Amino acid sequence: MDERPLTTAEAPVGGGGSPTSLRSPGLVALGLIGAVVALLVIWSPAVLSSFGPPPPLPARILVAACGGSVLLLSALSGSRVQRWELLWSGAVALGVLALLVAIPDPVAMAVLILLLGALHATLPGRRSFVLRMRGPAAAALILGFAWLCVQTSSVGAHRVAGLGLALAIAAAAGLVPFAQDLDPEEPPTASCVTWAGFLAPALALALPARVLPLNGDERTFFSATLIGLGLLNLAWGTIGAWRAGPELEAWRHSFLADWGLARVGLGMGGVGAAWSRAARAAAFLALPSVVPVRFPLFLWARQVGPVGGGSGLGTLNVLLGAALSGAAPFAGFPVRLLLLRAATRESWPLAAALLAAMVVWVVHAFRLGRTLGRPSGRLAVAIAVTLSLSLVLGLASGALVAVGRP
Amino acid sequence: MVAVSDGRRGFALGLCVTGTGLAIVALLAGDRWGAAVLLLGGIAAGALRLRDGPSGWRIMPPGSTPRIILSLAALAVGTLVGVYLTTGPGTPERVAAVAVCGLSVARLLTADRRAAAVAAAAGLSLALGTMGSLLGQAAGAAVAVALSALSMAVSGPDLGAVMAEGRARALPHDGSQPPTPDG
């Protein structure tokens, strides 16, 4: 891969000769501040509790996973990627993300989503600033209106709030119906997948905890919307990834499918029934597997570039396919097991739909595994580390759920 | 003003007026600290806008008629939402927040330049801030200032917008395909 000319997709994240860039000293300073804020939020010392309730533990774990993902990508990305730029840009995003998780006011969360969106939209890319701000602006607006509705005494407005909160998470993550196109020539860090793979998972776990407890009626609307959108994204993602022509499209759809599982879990977990604990645990496990496993793999697949159809599957490719398909003992397996366990107690049609989607999922997983080519050198090490992480998440899922208490 | 202007002075004045207006609404509701925060945020965000974007005022340039109509419609919808669809105290704040949010998002999603989009995002941040407590108001004001300062920290044009403009120019006006180099 080192002989190829540099494409736009491999352009430096922050500086250099790119036409749009954050000035480097400012980026480093902001990155340092972001890293300190993220560490404080993950640690959440008792001193900070005087400013408000501490952030939910699952969200803190996800912020830590995001930090690990930034370190992993900075350390193990290919030589064409400017690793320091990637590290500082990631640290800035991590800091805002940590603030987002820590702040107890939903309105403050909404404006921070806007800021995060603007920061991301200033990264060099082929889509315009306006186009890239659509999702964050929609998420901030919907969240603000939902909070406005929560504060009124109208029963109808409260139901709209439940609906709005679920839609705000979808908008922030760039899921269907807010999904955006993925330009093959755009740098991967500036693409819309960054929201689904890096920025939105912590938000999805923090937001319900900040706005809940809703009453039974609102909670039903919130959960039903999450389950409905989750199933839609699951079907869209699995079938889309299976039928997609370009490999890049298959990757984009695979994120939608992962988010579909997480949203169904969040929706079933929000109902409050006895079996909802398993669903919440499934959602909690699904999102950490996106951040340090699927997202880095996507970025590395973009660095590898197009792989010829004649290249066969190596051992790492097969293992990658197994990990991405959710086979045991990798991270996706306990997610599927817990989700099916909860769904069979809730409704058999839901369980059947989930099972069908999981079967279709296997088809595109091995195709995605092939997109990393025949890895060697630093890339092979990177993939081995990622697979190990997936293995740990799969084997230690029980311990992770016990620690996170989702 | 942010919705119907295309120049840096127009954006600056628009953000100042937005901050002042939202501060007055908060003051009428007895929220002095919130009013002060929103006023400062609006003025600071407006002042920072003076250093970025097309020069001059460019208020209501050719082609801005839909935006003017949208401004009037947003006020009507905001009033409707604030008075009829929500109940309880704080109706003026809700009308102001809904109207400014609606206009800002509409401007943000239809802007063709980054400067206009940033100004609209700053206005949206101020308006969202009014929906919350003092923490929300402070966050809204701070993010508005940060958004205004952000585009100054970024050098160069909006590459995506430049490319989109280039593609639009390359296409003939009758909708046919552009001629290829080999004829």
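# Exercises on a predicted two-chain model

The second largest pocket has a volume of about 460 Å³. The model is predicted, with scores of ipTM 0.84 and pTM 0.86.

**Exercise 1.** Find which residues lie closest to the centre of the second largest pocket, and which helices of chain B supply at least two residues each of its lining.

*Solution.* Start with the lining, which is made up of 21 residues. The closest to the centre are Met1(B), Thr18(B), Ala99(B), Val100(B) and Leu103(B). Next, turn to the helices. In chain B, α1 (8-28), α3 (65-85), α4 (91-110) and α5 (114-129) each give at least two residues to this lining.

**Exercise 2.** Describe the largest cavity: what is its volume, and which helix gives the most to its lining?

*Solution.* The structure has seven cavities of 30 Å³ or more. In the largest of them there is about 320 Å³ of space. Its lining counts 21 residues, and those nearest the centre are Ser89(A), Gly90(A), Ala93(A), Leu123(A) and Phe198(A). In chain A, at least two lining residues come from each of α2 (57-76), α3, α4 (106-121), α7 (193-211) and α10 (276-304). With five residues, α3(A) contributes the most.

**Exercise 3.** Classify the ring pair of Trp84(A) and Trp88(A), and decide whether Trp84(A) is buried or exposed.

*Solution.* First, place the residues: both belong to helix α3 (residues 83-102) of chain A, and they are four residues apart, about one turn of the helix. Second, apply the cut-offs: ring centres must lie within 6.5 Å to pair, and planes under 30 degrees apart count as stacked. Over all chains, this rule gives four aromatic pairs. For Trp84(A) and Trp88(A) the centres are 6.3 Å apart and the planes stand at 25°, so the pair is stacked. Third, the relative accessible area of Trp84(A) is 62%. Exposed means over 50%, and Trp84(A) is therefore exposed.

**Exercise 4.** Work out the surroundings of Arg294(A): which residues does Arg294(A) touch, not counting residues up to four places away in sequence?

*Solution.* Arg294(A) is part of helix α10 of chain A. Its relative accessibility is 3%, so Arg294(A) counts as buried. The residues touched are Trp251(A), Ser254(A), Phe255(A), Asp258(A), Ser289(A), Leu324(A), Trp361(A) and Leu368(A). Two of these names return in a cluster: ring pairs link Trp251(A) and Phe255(A) with Phe298(A). Elsewhere, Arg243(A) lies over the face of Trp242(A), 5.5 Å from the ring centre.

**Exercise 5.** Locate Gly326(A) and say whether Gly326(A) is buried or exposed.

*Solution.* Gly326(A) is found in the loop between α11 (315-325) and α12 (332-346) of chain A. Its relative accessible area is 6%, so Gly326(A) is buried. Beyond neighbours within four places in sequence, its contacts are Gly332(A), Phe333(A) and Arg336(A). Gly394(A) is 68 residues away in sequence, with 9.4 Å between the two C-alpha atoms.

**Exercise 6.** Where in chain B does pLDDT stay under 50?

*Solution.* Begin with the chain as a whole: chain B has an average pLDDT of 80, and 79% of its residues score at least 70. The stretch asked for is residues 171-183, for which the model has four contacts beyond four places in sequence.

Technical notes: Residues numbered from 1 in each chain as written. Chains lettered and ligands numbered in written order. Predicted model: local features only at pLDDT ≥ 70, side-chain atom pairs only at ≥ 80, totals over all residues. Heavy atoms only, no water. Phe/Tyr/Trp six-rings, centres within 6.5 Å; stacked < 30°, edge-to-face > 60°. Buried < 20%, exposed > 50% of the residue type's maximum accessible area, 1.4 Å probe, protein only. Lys NZ or Arg CZ within 6 Å of the ring centre and 35° of its normal. pLDDT = per-residue confidence, 0-100. Contact = heavy atoms within 4.5 Å. 1 Å grid on protein atoms, 1.4 Å probe; cavity = no way out; pocket = protein on both sides within 12 Å on 5 of 7 lines; lining within 4 Å. Points joined across faces, edges and corners; volume = space filled by probe spheres on them.
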